[in-house]
Amino acid sequence: MRPNEANLMSRLSAIFMVLAYGCGTSDPKVAEEGGTDAGGDACSCAAIEARLLAEVSGNRSCATDKECSTIALRCLLVDRPTCSDAFYINLDADVAQLESDSAALDACAATCDPERHCGGCLMGYPAVCDNGTCAPDISP
């Protein structure tokens, strides 16, 4: 499968999960148990956001600039390092999982929070290792 096809399949899967189980979770186990996300709201994207933040936060350590990369997380607005939708991660991050969860958040936001302004400015910064953490190179 080509990368664009894989990305499309990931997004379609996320949309299906939201439609089938609701916005409260993209986890079928939680939906089957009749639960909601951690926020307790039947239509909230909080659980997906928390999972994305944990994945990003857990994959930012580095020793050199070569260990750092970026990933676009369009609808994750919490803890954005810059105005763009780029988040800074190391090469150990599970990009496929991050993209899948990001697609689920995009689908959830479209359904549960249509006023959310996903995306960001076009300004992007290259990824660097700043004191052991992958971060944007904002140096003048």
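A disulfide here is a pair of cysteine sulfur atoms within 2.5 Å. This is a predicted model, in which local features need pLDDT of at least 70 and side-chain atom pairs count only at pLDDT 80 or more, while totals for chains, interfaces and linings use all residues. Residues are numbered from 1 along each chain as its sequence is written, and side-chain values use heavy atoms, with hydrogens and water left out.

**View 1. The right-handed disulfide of Cys83 and Cys121.** The two sulfur atoms sit 1.8 Å apart, and the torsion about their S-S bond is about 80°, so this disulfide is right-handed. Cys83 belongs to the loop between β1 (68-72) and β2 (86-90), and Cys121 to the loop between α4 and β3 (127-130), so the pair ties together parts 38 residues apart in sequence. Helices (H or I, at least four residues) and strands (E, at least two) are DSSP runs, numbered from the N terminus. Cys83 is partly exposed at 42% relative accessible area, and Cys121 is partly exposed at 28%; buried means under 20%, exposed over 50%, and partly exposed in between (1.4 Å probe, protein chains only).

**View 2. The disulfide of Cys45 and Cys108.** Here the S to S distance is 2.2 Å, and a torsion of -100° makes the link left-handed. Cys45 lies in the loop between α2 and α3 and Cys108 in helix α4, so parts 63 residues apart are tied together. Cys45 is buried at 5%, and Cys108 is buried at 0%.

**View 3. The disulfide of Cys43 and Cys112.** Their sulfur atoms are 1.9 Å apart. The S-S torsion is about -100°, so this disulfide is left-handed.
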